[in-house]
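Visitor: I have a structure open here and would like to go through it piece by piece. Can you take some quick questions?
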Amino acid sequence: MTDNIKPKEATAIVNSLLGGVVPKIGVQHITVGRSPEIEAFINSLEDVKNGHSMVKFWIGDFGSGKSFMMHLLNTVALKQKFVVANADFTPDNRLYSNDGKAVALYSAIMDNIAIQTKPEGGALATLLEKWIEQVVSKTAQEEGIPLTAIRDEQHMPLIQRSIMKTINEITDVGGFDFGVVVMKYYEGYISDNEQLRRSALKWLKGEYRTKTEARQDLGVREIINDLNYYDMLKNFCRLFVSMGYSGFMINLDEAINLYKISTSVMREKNYEKILTIYNDCFQGKVSNFFINFAGTNEVLENERRGLFSYHALKSRLETNKFETLQIRDFSQPVIRLMPLDHNEIFVLLKKLKVIFDLNYKVNLEVSDDEIHQFMEEMFNKPGASEFLTPREVIRDFLNILSIIRQNPGIDKKQLFGEIEIRDERPDESAVDSLVDGIEVL
Amino acid sequence: MKTLLSVIRWVFGLFFGMGAIGGFMSGDIIAALFVLTIALLLLPPVTKALFRNRNSFRNISQGKGVSVVPTAATAPVMQPMSKAEQAPKFQKPSVREVNRYMNERSRSIVDSSIIDVTGQSYRIPDQQPKSAISESDRGVPYWAHQYVYSYAELNSASAAQSNFYQRFKASFLNGVYLDLEGNTNYAFILLFDLLNKDYEKHKDIEKLEGQLDALGEHYPKTRSYANSFLIQKMEAAGDIHGVDRRRMAQYSHYSYQSSYDQDQWKLGTQYKAKLGLAEDEISLLNKLWNPGNTFCNNEFCLVEVMKLYLATLKIFESQCILESTTLEQEFKAVADVVARKYFKYRSNSNNYKYSLGSVAHELYTTVFKHCENAVREHYSHKRKVSTETVYHSKPEVAAVFEEKITSRINAILPKLLPSVSIPDIPTEIELNAQNTGRWKTKFEELTINFKARDGKQFIQDIIQLGEYNKKNPSLENIFFEASKFIAKTDREAALVLYVHYLYHDLHSATFNNKQLAKTLQKNLFQTEQQLTDFTTIIQELIQGRDLEKAVGAVAGIFTPKRKKIELNRAAINEVQQQHAGTVELLNDYLQEEEEPQQNAENVGVENLGEGEVTFENLLLQAKGSDGFFIEEVLLNDAQCELLQLFASNSFTIAQQEVEAFARMNNLMRNQLIDSINECCYEQLDDVLIEEDGEYYTIYENYFQQLIKK
């Protein structure tokens with residue numbers, strides 16, 4: 001049962017879950033009931049690694065484990081040498097806009113770029129420097145210049161030419177400006193011009209709002225904007241792959257914010273962008289690109305405002321008609337996360353008890369029947385049917401284990417009786433009604 | 001023997017009859033009549049009829065026979081009698097008499113079960129007071145009742161009757177008053193005897209008065225006649241004082257009777273004992289007629305109104321005294337205006353004087369009505385009585401009323417109202433029955449004072465309000481409104497009250513079965529199950545009319561049904577197996593050995609060009625081997641130097657410093673840090689150098705893991 005859990009993992013699991021977040025390590029030990037989904041994801045990851053591109057929609061209700069799955073994807077992808085970026089859709093971040101909201105999403109993605117050694121994000125500069133180092137060393141080798149001398153200013157044109165050449169090889173749209181900016185970054189490094197390097201990074205992150213400003217700082221005519229940010233993402237994807245990474249994975253959560261866009265035209269444009277990405281990925285126009293969307297059922301299925309309101313998407317994302325609750329098809333672009341059933345929760349709690357014991361080096365006397373009883377108490381609490389999530393079950397269970405560990409003689413029944421269920425959902429009903437109202441107007 | 005005698009009588013009778021017929025035919029009528037009389041007397045049926053008649057009359061007059069109640073046939077035309085006199089004799093025998101008669105009768109029933117109507121008679125004891133009236137030794141000869149107009153009526157009496165009369169008169173004059181056994185003819189003969197015969201002889205009016213008083217006293221039927229005849233005699237004799245005296249006596253006799261009747265049922269007399277009233281209070285209340293309306297029919301209310309009336313008049317009077325007048329005077333002043341302005345009577349005329357008295361009396365009633373209205377208002381009784389009189393039609397009279405009475409009463413009443421008692425429960429019930437909307441005031445109070453989430457108390461209050469309104473036809477509405485009110489704050493209480501509503505609606509004249517509004521229903525029932533449960537309860541209530549059962553069942557609607565969790569061992573095992581497989585799979589991906597990573601990196605690098613040598617690899621070739629760090633970590637000189645620099649700077653170095661260090665070594669800062677992290681990642685399973693604002697830091701424990709021990 002212990003499945004070779006390392007003590008370090010046990011500690012991380014217990015501490016993170018007590019705090020209501022997904023643990024950084026050891027997450028595989030709590031993936032109860034998600035075996036087919038994980039398998040499907042691993043397969044997809046393998047495909048992407050092998051040069052395919054993929055779009056997945058992770059659909060599930062509040063508390064069904066979307067965030068957990070996203071986190072798991074992150075962890076596995078980082079381990080698999082993917083460059084990973086996470087971003088949430090917000091009222092100000094979307095896929096399509098003409099008022100800077102799309103480029104804001106791009107900026108958020110670029111800000112959150114993570115690699116294994118920089119998992120918390122902000123790895124763009126690191127990646128850029130790594131790539132330049134590679135180009136520099138390659139140039140040095142090609143030109144027969146010693147590594148210690150290659151950084152001299154006299155060799156800079158060689159380096160710049162090499163950078164442009166590589167950029168031209170891997171990019172299509174907007175490659176020239178991209179190359180110029182990377183050269184500017186290198187120039188800043190050589191000439192120890194920190195400002196120049198910052199400007200170059202600012203450009204790459206899409207933070208320039210006017211072309212004039214960009215031209216003044218970097219001498220480039222274009223900036224990354226609402227219309228071309230997706231091309232830049234593709235360019236980056238090729239760049240990362242050329243650096244030796246397995247691919248570029250982007251996770252976009254809270255798709256409900258696209259659903260909530262009040263103007264139907266704008267909403268459709270966003271869905272159209274999703275369609276573009278979907279087509280690019282599955283038609284092979286881009287390689288090693290993995291993009292995940294996470295949202296609730298209504299985001300997908302609502303015929304008036306959801307993805308299904310856009311017919312082209314609906315036909316692509318519709319559930320395999322031969323799929324049932326028992327016979328699942330996880331190779332579809334849409335993966336529905338079903339709530340864990342009682343048996344799965346039971347196994348999860350049992351596993352947590354083992355991890356808890358391992359962490360504290362104890363053997364608490366909590367029998368299977370008591371776990372069963374705890375579950376019954378939880379599911380019979382007022383409000384349980386509406387807003388009880390695995391997160392809360394896990395947290396309360398671990399809290400009770402903590403109490404039992406520190407107070408061995410305590411009455412467990414009494415502890416179970418004191419559980420209270422809280423509604424932890426974001427208050428969206430007011431926003432929904434407001435949006436509905438606006439749309440009616 | 002009897003038959004033989006009868007046959008002989010028939011033969012002789014017929015014989016004489018035939019003789020009489022012959023006499024009539026011959027023209028000798030007198031002789032014929034004589035013979036006919038003899039013939040008739042001889043015939044048995046005629047004699048029998050004659051005797052039967054006589055016996056029956058005697059029996060009736062003596063109270064014997066089958067019935068003591070005279071029938072239309074047996075009741076003779078009698079002298080006019082007052083009811084009081086008539087009652088004890090025939091029409092309304094006293095209980096004692098009836099009992100005695102019944103005893104006699106039962107005795108006779110015991111003796112012989114058949115009542116023979118014979119010539120023998122039984123005496124029913126006389127009703128006259130025995131102390132005053134003596135019984136006649138030899139009985140009173142029956143004398144059928146008739147109007148006696150003069151002493152001459154005695155002439156038509158039989159000898160026995162005449163004899164008895166003589167004896168009766170002699171006894172009377174000697175002060176012995178014989179019991180006439182209902183034969184009042186003798187008394188009336190005596191009356192006329194005394195009035196005419198005797199008085200003509202002695203002409204002593206006082207003696208006559210004494211005799212007539214005695215006669216009236218012992219034979220009450222004669223009293224009024226005696227008095228009027230006496231007055232005539234006195235007038236004839238010119239005894240004016242005597243006439244006045246007799247008239248006064250007559251008047252006082254009547255007035256005594258009438259005054260008693262008037263006050264007997266007046267409020268003062270009725271409640272003097274109950275309320276412990278003083279004489280003046282009795283008199284004040286006796287000035288009123290019983291109000292006789294629905295409000296005052298309730299004794300509690302009437303008593304409170306009376307108390308308020310007395311208290312008001314008391315204060316009124318004290319105010320009058322302060323103004324150097326009296327209540328009577330004030331009322332008289334108003335009555336004066338009414339008499340002059342309304343009735344337009346001349347001052348000091350008889351009408352004027354009479355109306356002064358009557359209007360003053362009415363004013364007390366007006367005060368009472370004001371008090372009644374005040375109590376009605378105090379008890380939230382909607383309807384009021386009109387305090388206006390007919391006199392208000394004249395503006396000048398109305399002004400005087402307002403000035404002298406209404407304004408003063410209105411000033412006094414508010415001060416006295418707090419002392420009016422709160423209605424007791426029966427009165428509350430009665431008032432609520434009379435005022436179907438009276439509950440709304442109390443209901444409003446309850447809703448205003450309602451504290452959120454105190455539903456049980458609210459239910460109790462409403463049930464109590466319902467008790468007070470149990471005779472109110474709007475009773476069910478109280479519960480319906482209460483249910484609506486509390487639906488937003490307490491679902492269970494709302495349903496309990498709705499059940500109460502339905503129960504009372506079922507018992508009302510019409511079953512309305514009002515439903516709560518849809519929005520309230522949505523609020524009350526969050527699940528379909530709850531609605532279904534409640535519908536079942538309602539149906540059972542309608543069928544069984546068991547309120548307690550329904551109320552008890554309502555509580556169960558919102559009690560969460562305990563869900564049983566069924567665990568499937570086989571499914572659990574399957575989940576565990578699947579999970580074990582997943583863990584294994586993920587372990588493969590997450591806990592890769594260093595080698596495959598290196599391979600992966602190399603594969604990536606190879607993408608740049610086959611056989612190319614990367615900068616990092618070149619650096620690795622120049623790996624420092626100072627032996628400070630463990631062998632698993634492949635660090636080059638620059639990396640080792642930087643780590644040692646960290647160690648010498650308490651594991652925290654400014655980014656600027658790292659930048660300078662990197663530049664010195666012809667390296668890029670971010671790349672240098674990342675390369676160190678990458679080299680150490682597999683060993684630590686975590687990032688070694690972390691960015692902390694403007695600084696880079698190393699967790700000391702991690703560093704310790706990297707150095708050789």
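Visitor: Starting in chain B, which residue is the bridge partner of B:Thr652 in β5(B)?
Guide: The bridge partner is B:Thr697. Keep in mind that this is a predicted model.

Visitor: How many bridges join β3(B) to β5, and in which sense do the two run, parallel or antiparallel?
Guide: There are three bridges between β3(B) and β5 (residues 695–698) of chain B, and the strands run antiparallel.

Visitor: What is the strand order in the sheet they belong to?
Guide: The order is β3-β5-β4 in chain B, an open sheet of three strands with antiparallel pairing. β3 (652–654) and β4 of chain B are the edge strands, each pairing on one side only. On average, neighbouring strands here are turned by 25 degrees against each other, direction ignored.

Visitor: Which helix packs on that sheet?
Guide: Helix α30 (residues 655–664) of chain B does, touching β3, β4 and β5 of chain B. The direction of α30 makes about 75 degrees with that of β3(B).

Visitor: Switching to chain A. What is the order of the five strands in its open sheet?
Guide: It reads β2-β3-β4-β1-β5 in chain A, and the pairing is parallel. β2 (82–88) and β5 (334–336) of chain A stand at the edges with a single partner strand each, so one side of each has no neighbour in the sheet. The twist from one strand to the next averages 20 degrees.

Visitor: Which strands does α2(A) lie across?
Guide: α2(A) lies across β1 (54–59), β2, β3, β4 and β5 of chain A, and runs at about 160 degrees to β1(A). Helix α4 (residues 101–111) of chain A also packs on the sheet, where it touches β2 and β3 of chain A. The angle between the directions of α4 and β2(A) is about 135 degrees.

Visitor: Now the interface. How many residues of chain A are in contact with chain B?
Guide: 68 residues of chain A are in contact with 55 residues of chain B. The two chains bury about 5800 Å² between them, with 53% of that on carbon and sulfur atoms.

Visitor: How many salt bridges are found across the interface of chain A and chain B?
Guide: The rule finds five across that interface. One of the salt bridges in the model is A:Arg197 with B:Glu659, at 3.3 Å, N to O. Over all chains the structure holds 42 salt bridges.

Visitor: What distance do you have for B:Glu691 and A:Lys118?
Guide: Their side chains meet in a salt bridge at 2.5 Å, N to O. B:Glu691 lies in strand β4 (residues 689–692) of chain B and A:Lys118 in the loop between α4 and α5 of chain A, so the pair joins two chains.

Visitor: Last one. Where does B:Glu153 lie?
Guide: B:Glu153 lies in the loop between β1 (133–134) and α6 (159–173) of chain B. Not counting residues up to four places away in sequence, B:Glu153 touches B:Trp143, B:Gln146, B:Tyr147, B:Val148 and B:Ile189. B:Glu153 and B:Tyr186 are 33 residues apart in sequence and 9.9 Å apart in space, C-alpha to C-alpha.

How values were computed. Residues are numbered from 1 along each chain as its sequence is written. Chains are lettered from A and ligands numbered from 1 in the order in which they are written. This is a predicted model: local features need pLDDT of at least 70, side-chain atom pairs count only at pLDDT 80 or more; totals for chains, interfaces and linings use all residues. Side-chain values use heavy atoms; hydrogens and water are left out. Contact means heavy atoms within 4.5 Å. Buried area is the accessible area (1.4 Å probe) that two parts lose on being put together, summed over both. A salt bridge is a side-chain nitrogen of Lys or Arg within 4 Å of a carboxyl oxygen of Asp or Glu. Two strands pair if DSSP finds at least two bridges between them. Helices (H or I, at least four residues) and strands (E, at least two) are DSSP runs, numbered from the N terminus. Axes are lines fitted to C-alpha atoms, for helices over the stretch in contact, and angles run from 0 to 180 degrees between N-to-C directions.
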